[in-house]
Amino acid sequence: MAYRHAFLIALLIAGLAQSCVVSAAEDGVAFFEKEVRPLLVRQCYECHSEESGKQKGGLLLDRRAGWERGGDAGSAVIPGEVEASLLIHSVRYLDEELQMPPKSRLTDAEVAVLERWVAMGAPDPRDGSIKDVRAGKSIDLKEARKGWAFRPLQNESPPEVEGVAWCRTPVDAFIKARLETEGGEPAADAEARTLVRRLHFDLNGLPPTRQEVQAFVAAARRDLDAAIQGEVDQLLARRAFGETWGRHWLDVVRYADSNGGDRNNTFYQAWRYRNYVIAAFNEDRSYYDLVREQVAGDLLPARDDASRRRQLIGATFLSLGPKMLTERDKEKLRLDVADEQIDTLGRAFLGLTLGCARCHDHKFDPIRQEDYYALAGIFRSTQVVMGTRNGCVNVASWVERALPQPEPEASALAAKLERLELIMRLKVEKDFMKKSGGKMTLDDLPLAGVLIDDEEAELVGAWRESSLSPNRLGARYLHDDRQGKGSKRAIFSASLPESGVYEVRLAYSSNAQRSKVVPVTVEAWREVKTVRLDQTRKPEIGGLFQSIGRFEFEKGGRVNVIVETTGTEGGYVIVDGVQFVAEKDLEREAKALAMMDGGDPVFRMSSGDLAKALTVEIRELRDAELAMAPRDAEDVGDCHLRVRGEVGQLGPLVRRNFLEVLHEGPPPEIPAGQSGRLQLAEWLAAPENALLDRVIVNRVWSHLFGRGLVASVDNFGALGTAPSHPELLDFLAQRFRAQGGSIKRLVRELALSRAYRVAAQADGPLVQADPENAWFGRREMRRLSAEEMRDAVLAMSGQLSDEVGKGTANESGDDLDKPFLFDQDRLRTVYLPVARNNMAPELELFDAANPDMVTGARTTTTVPTQALYLWNAAFLREQSAELARLAYATPDPMAWLYETVLGRAPTPAEAARAQAMLRALGGDEGALADLAHVLTISTEFLFLN
Amino acid sequence: MTSSLTASACHRFDPPAWSRRGALKAAAGGFGAMAMAGAASQAAQGLSGPHHPARARRVIFLFMHGGPSQVDTFDPKPRLQAQDGQRLPFAPAKNLDPSATSRARLMGSPWSTRQYGESGLWCSELFPEVARHMDDLCVIRSMQSKGQSHGQAVCMLHTGTDNFVRPSMGAWVSYGLGSENADLPAFVSISPPPGHGGPRNYGSAFLPAAHQGTTVGRGGKLGEQAAFRFMEQSADPARDQKKLELLRAMNQENWERTQHAPVEGMIESMELAFRMQRQAPAVMSLDDEPAHIRALYGIGEKTTDNYGRQCLLARKLAEAGVRYIQVSTGYTWDQHSNLKSGHEDNCAKVDRPIAGLLTDLKQRGLLEDTLVVWGGEFGRTPIAQGSNGRDHNPQGFTMWLAGGGVRPGLAFGETDEFGYYAVRDKVHMHDLHATILHLLGIDHLRLTYRYAGRDFRLTDVYGEVVRGILA
């Protein structure tokens with residue numbers, strides 16, 4: 001049909017050209033004035049004229065120069081070339097992505113007017129220069145590099161202060177200096193029992209036991225500095241440190257155990273990354289190594305198997321994002337995945353919203369659209385999604401990599417993984433192929449590509465059906481019966497899954513009666529070629545298909561293969577089908593053909609059996625030693641800029657590079673066949689990139705002081721917050737770099753500072769002068785996090801397990817859509833499943849990080865459902881009973897409960913009140929459980945000061 | 001941790017970070033914070049009411065999950081009937097599977113269609129009860145959306161994007177207008193789908209969590225007793241009373257000691273929770289409704305009982321002051337095959353409940369200021385899939401509106417003569433969103449929230465109010 005349409009238009013144009021060729025130029029102008037101009041005014045000026053003040057897509061249609069230069073997508077009209085003119089293309093409404101006018105289609109007569117006008121050579125008397133309303137500000141990188149976030153680390157040393165006596169560490173000098181400048185007095189040190197609680201929650205996410213409180217209070221009475229130092233060192237050495245601080249990082253990297261998006265498939269291997277992070281914090285591995293591993297762990301050279309294992313797992317960072325697995329446009333899916341990676345990488349490591357530059361230059365920060373696509377080239381060259389997860393061609397799966405292990409297990413696993421991917425690929429390809437019934441000899445070919453049987457061809461003239469030759473595609477094939485030579489034609493029109501080069505093949509059965517000169521015409525994107533096929537010769541591929549050549553096709557564009565009979569007198573012309581195989585699949589096809597000779601049954605499986613095999617293979621690999629790590633794609637390379645971020649609107653090719661505002665040199669040399677991720681990782685972690693250090697030390701600071709030196713911890717751009725103490729920020733960043741990226745040393749340094757010890761203040765001059773607490777002269781109370789709350793309750797009741805959790809989500813099966821409740825679990829919360837779109841209420845209600853997004857600072861919301869949960873949840877009532885059971889065994893259960901839950905003894909008034917309630921409720925263990933419940937949900941327990 | 005600093009510092013509706021006032025607002029708004037009415041200082045300067053007079057005070061969104069077919073319901077096509085079984089005379093949508101379209105053939109509707117009422121709007125025999133209300137409906141026959149797959153299109157419908165994480169429409173409405181009843185949520189989603197984005201479709205994303213939808217039921221099923229999460233009746237009220245007294249005393253003392261605003265917020269929110277726990281059951285219970293009303297919705301009859309109870313609950317919530325109520329069917333409309341029996345079943349299940357809802361709203365005077373919206377995430381192709389099925393069709397499909405501020409008895413826009421592509425007065429999902437907000441008195445361009453360095457809105461950079469359907 002498409003062929004016919006094009007053919008008719010060609011005729012039409014030919015006719016027009018003939019009638020117009022003699023016309024004088026004035027007739028063209030007259031036609032323009034009479035027919036075209038009113039049409040443009042009526043239908044187009046609203047969005048494309050100076051008068052309306054709109055120049056959508058960069059296009060003006062109220063002057064000749066407007067359509068000559070065109071808009072973002074290029075010239076709108078090429079005089080004389082109807083088919084090549086975007087204006088015509090868009091008003092024909094054949095391309096879903098470019099339809100003009102956008103709201104309503106023109107009438108056929110109106111379209112014809114425009115076609116005729118273009119065919120005439122687009123006479124247009126209107127002049128006027130192009131007024132480019134888009135020429136706005138351009139980004140000045142040089143200037144931008146002077147900003148506090150982008151400049152090199154400044155050499156800072158602690159300032160002189162008057163109150164030297166107050167200071168304990170260099171950090172304190174910076175804090176005190178600011179307070180002195182502002183005329184503020186720091187709050188007094190918090191009480192010892194407050195401090196010990198603060199330290200335990202901040203460093204380990206758990207409350208101190210009664211004994212720990214007592215010991216610390218006693219030690220503090222002797223020497224507070226020494227007591228704190230001892231406590232800090234102890235807490236840093238506990239596994240709970242990594243479980244708490246690892247969780248902070250998991251917030252930043254949007255960690256989850258399921259995909260979310262449109263299909264909430266379980267990420268069976270994600271937990272390895274979670275445990276990798278926890279271990280990294282506990283082992284105090286260099287932050288720079290962590291950055292390298294997370295961005296390119298799969299590409300880094302490894303010292304040994306243990307490192308290789310760790311590195312591969314680290315790279316899970318890139319694969320963890322939510323994906324629209326059912327996206328049918330695979331190029332869009334690929335760019336969307338790259339976008340998610342770029343956005344996450346930008347915010348997590350650099351505090352920059354790089355994602356904003358996908359459609360246009362960043363509106364506020366020095367990030368150009370070219371910068372974005374320079375990175376997009378790197379991530380588009382990284383493969384995360386592939387194949388099919390459930391057998392449906394529209395549901396993509398993701399890459400998993402075998403972890404190193406001893407032989408022969410290693411080879412066996414590698415083979416299993418390879419087979420899984422093969423099954424996925426075969427399944428996808430089989431489903432793209434058309435089956436038309438009958439015996440499909442095609443089952444002998446490993447790759448289907450896109451197949452069109454003769455039943456789907458448009459036939460001109462009388463063709464005869466036959467099934468004489470068993471070597472055929474489908475139930476039958478056609479021949480021309482050696483009659484009516486030159487009058488018959490078979491047209492195969494295809495729609496291909498993606499743009500690219502394809503090998504075009506024709507199916508026929510050969511014998512000596514066939515014609516030796518069958519004309520076969522391929523109408524590709526930009527070329528039309530006719531070859532003469534000798535059908536007496538046996539087809540080379542599987543004895544059924546013969547290659548016609550390789551052609552470039554555009555997705556959604558012209559794809560026609562036409563078999564004719566002209567000049568074939570004497571021989572039969574056979575038409576059995578057409579196959580399109582993407583060029584990139586040809587090598588694989590050759591390999592697969594070799595494997596078929598080896599006898600693997602998957603090649604002969606039906607589509608349904610492949611789906612079954614897929615389910616089995618995925619299940620068998622669920623607990624295998626795999627990492628959810630990406631790999632470099634087969635087709636690495638630079639990426640085209642996308643105009644307005646539209647996948648189909650190609651702009652110039654952008655050379656892969658790092659972010660230019662942070663990188664002054666030339667773009668990196670990326671070896672052929674590589675994505676550039678390795679180079680990106682090295683650059684990110686290199687000293688040149690000071691922003692990396694600023695962002696991480698600020699994150700650590702924010703977790704200990706309740707607010708960052710840069711309050712917007714994930715945004716160091718213009719719309720973020722300027723640092724309250726820029727010198728301190730750079731001082732800490734420099735130290736961090738000098739100390740090789742040790743998080744523990746940084747935490748220790750901050751926790752030992754005097755500034756960390758200050759008490760919370762309800763009111764007073766400091767609160768008045770600095771309500772946001774940007775000077776850090778006092779403590780801001782905070783509510784316990786979701787994890788702290790649950791872990792504390794279990795720890796107090798003696799129920800908390802000290803096991804390291806593993807694949808806790810895996811028991812839920814292929815998706816995490818079933819409701820979760822952590823009632824029966826006893827592991828620390830960090831080990832429990834994080835289900836996207838379906839967070840357990842224990843997490844979601846109390847503001848655990850939304851795993852769809854980078855979350856450097858959680859928000860604190862207060863909603864009544866929290867209160868309903870605290871009051872009604874079976875979990876809290878059960879744990880209160882457990883806690884009461886422990887209390888009941890002590891000499892003074894009531895006081896023991898206060899000390900355990902609140903870290904202090906009750907006042908006499910409180911004791912009397914509590915006893916009164918206990919008596920009223922029966923004075924038994926049940927009454928004690930009620931008291932434990934009340935204490936556990938009291939604001940004093942829930943808020944840390 | 002801090003409350004979201006970037007967000008609260010920049011957004012004009014948002015109370016400043018943890019001011020005492022802000023804490024109280026956040027608490028009161030837990031089930032529908034009043035971003036607009038909440039008179040925190042910034043809000044007062046920005047907006048002291050809706051942007052313009054509202055035509056609707058609330059929305060009831062009837063979501064047909066899976067995608068009902070337009071040519072079989074409200075957009076009949078004579079030429080499609082005439083050319084049943086023939087090849088599609090133009091290129092099929094680009095992003096469909098080649099396997100589904102390379103032999104695409106037209107499939108006429110198996111159902112007859114006729115005109116109803118004074119307006120003469122078309123409706124097929126699948127909706128005999130809704131057909132009686134055609135003069136009340138404003139049928140948009142030129143809908144377009146983004147996303148060929150359910151996951152994307154469902155998210156597009158609910159959140160205005162097919163691939164990013166963004167707040168849902170109900171959350172935006174809650175954020176913009178707050179609740180009319182401080183003891184109830186502003187946004188309730190009745191039996192929302194667990195998949196295809198699941199909670200994302202009633203989530204708040206980066207908006208304050210208070211604005212996310214509160215759910216009742218799941219996956220198109222209401223369940224026996226409709227109840228909010230964690231809301232339970234006390235087994236021993238006297239005992240609970242004693243506990244509560246102690247809790248209140250402790251909290252009060254803690255507040256006096258610390259003077260920390262969030263502590264007070266938490267106390268307020270606990271009190272609100274206990275009030276809700278007392279009041280919600282009456283709103284949620286359908287047992288007290290008279291028999292004739294229950295019958296109107298088809299409650300008690302096997303086919304219509306489930307959706308009938310959902311619709312009746314929607315009316316009760318609307319009456320009680322909930323702003324945005326979504327009523328979802330199960331994921332049942334996806335008739336790639338079995339179109340005939342599938343669509344017949346689906347329509348039978350919702351026809352009477354929907355008609356009952358329209359009647360009931362009207363007789364109570366609620367239809368005046370309640371906007372009812374009906375539709376799925378996309379429509380279905382006029383071309384056949386297999387012998388008795390249709391594929392997804394976001395290129396052109398039908399949704400209808402009724403009530404608050406829309407022109408009744410109107411058919412707006414057109415698809416081509418086969419019902420495939422929208423070609424006249426196209427209404428993109430973004431436009432529908434802009435229009436719904438407009439009817440609620442909100443300018444979609446001005447309802448923004450700053451997150452990660454950018455002002456976001458429901459309609460992203462798109463959306464135009466569809467003036468042609470406004471009453």
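**Exercise 1. Domains of chain A**

Task: List the domains of chain A, and state how far apart the centres of domain 2 and domain 3 are.

Solution:
- The domain assignment of this predicted model gives domain 1 as 2-119, domain 2 as 286-404 + 630-685, domain 3 as 432-603 and domain 4 as 874-944 in chain A.
- Taken over C-alpha atoms, the centres of domain 2 and domain 3 of chain A are separated by 39 Å.

**Exercise 2. Chain A overall**

Task: Describe chain A by its secondary structure, span, burial and contacts.

Solution:
- Chain A holds 34 helices and 24 strands.
- Its C-alpha trace spans about 115 × 70 × 55 Å along the principal axes.
- Of its 945 residues, 52% count as buried.
- Take the contacts in chain A with a separation of 6 or more: 68% of them come from residues 24 or more positions apart.

**Exercise 3. A covered helix**

Task: Find how many residues of helix H21 of chain A are buried, and which elements they pack against.

Solution:
- Helix H21 of chain A covers residues 677-685.
- Eight of its nine residues are buried, and the helix is mostly covered.
- The buried residues are A:Arg677, A:Leu678, A:Gln679, A:Leu680, A:Ala681, A:Trp683, A:Leu684 and A:Ala685.
- They pack against helices H13 (287-296), H16 (330-350), H17 (369-380) and H22 (690-705), and against strand E3 (382-383), of chain A.

**Exercise 4. Two helix pairs**

Task: Classify the packing of H8(A) with H10(A) and of H32(A) with H33(A).

Solution, first pair:
- Helix H8 (residues 192-204) and helix H10 (residues 224-237) of chain A have axes 10 Å apart, at an angle of about 25 degrees.
- Angles under 35 degrees count as roughly parallel. H8(A) and H10(A) are therefore roughly parallel to each other.
- The crossing of H8(A) past H10(A) is right-handed.
- H8(A) brings A:Val196, A:Leu199, A:His200, A:Leu203 and A:Asn204 to the contact, while H10(A) brings A:Glu231, A:Val232, A:Leu235 and A:Leu236.
- By class, this contact has six nonpolar, two polar and one charged.

Solution, second pair:
- Helix H32 (residues 908-920) and helix H33 (residues 925-936) of chain A pack at about 135 degrees, with axes 8 Å apart.
- H32(A) and H33(A) are therefore oblique to each other.
- H32(A) passes H33(A) in a right-handed crossing.
- A:Ala914, A:Met917 and A:Leu918 of H32(A) meet A:Ala927, A:Leu928 and A:Leu931 of H33(A).
- This contact has six nonpolar residues, no polar ones and no charged ones.

**Exercise 5. A loop residue**

Task: Decide whether A:Val834 is buried or exposed, and name what it touches.

Solution:
- A:Val834 sits in the loop between helix H27 (786-796) and helix H28 (841-844) of chain A.
- A residue is buried if 20 or more other C-beta atoms lie within 10 Å of its own. A:Val834 has 28 C-beta neighbours inside 10 Å, so it counts as buried.
- Not counting residues up to four places away in sequence, A:Val834 touches A:Tyr255, A:Ala256, A:Asp257, A:Met839 and A:Pro851.
- A:Trp271 is 563 residues from A:Val834 in sequence, yet 9.8 Å away in space, C-alpha to C-alpha.

**Exercise 6. The contact of the two chains**

Task: Count the residues in the contact of chain A with chain B, and find what gives the most on the side of chain B.

Solution:
- Chain A contributes 87 residues and chain B contributes 75 residues.
- Elements of chain B that each supply at least two residues include helix H2 (20-28), helix H9 (237-258), helix H10 (261-284) and strand E14 (422-424).
- H10(B) gives the most, with 11 residues.
- The side of chain B that touches chain A divides into 33 nonpolar, 29 polar and 13 charged residues.

Conventions:
Residues numbered from 1 in each chain as written. Chains lettered and ligands numbered in written order. Predicted model: local features only at pLDDT ≥ 70, side-chain atom pairs only at ≥ 80, totals over all residues. Contact = placed C-beta atoms within 7 Å. Helix = DSSP H or I, 4+ residues; strand = E, 2+ residues; numbered from the N terminus. Nonpolar A, V, L, I, M, F, W, Y, C, P; charged D, E, K, R; others polar. Axes fitted to C-alpha atoms, helices over the stretch in contact; angles between N-to-C directions. Parallel < 35°, antiparallel > 145°, perpendicular 65-115°, else oblique. Left-handed = near helix turned anticlockwise from the far one by under 90°. Buried ≥ 20, exposed ≤ 12 C-beta atoms within 10 Å, placed from the backbone. Domains from an automatic or database assignment.
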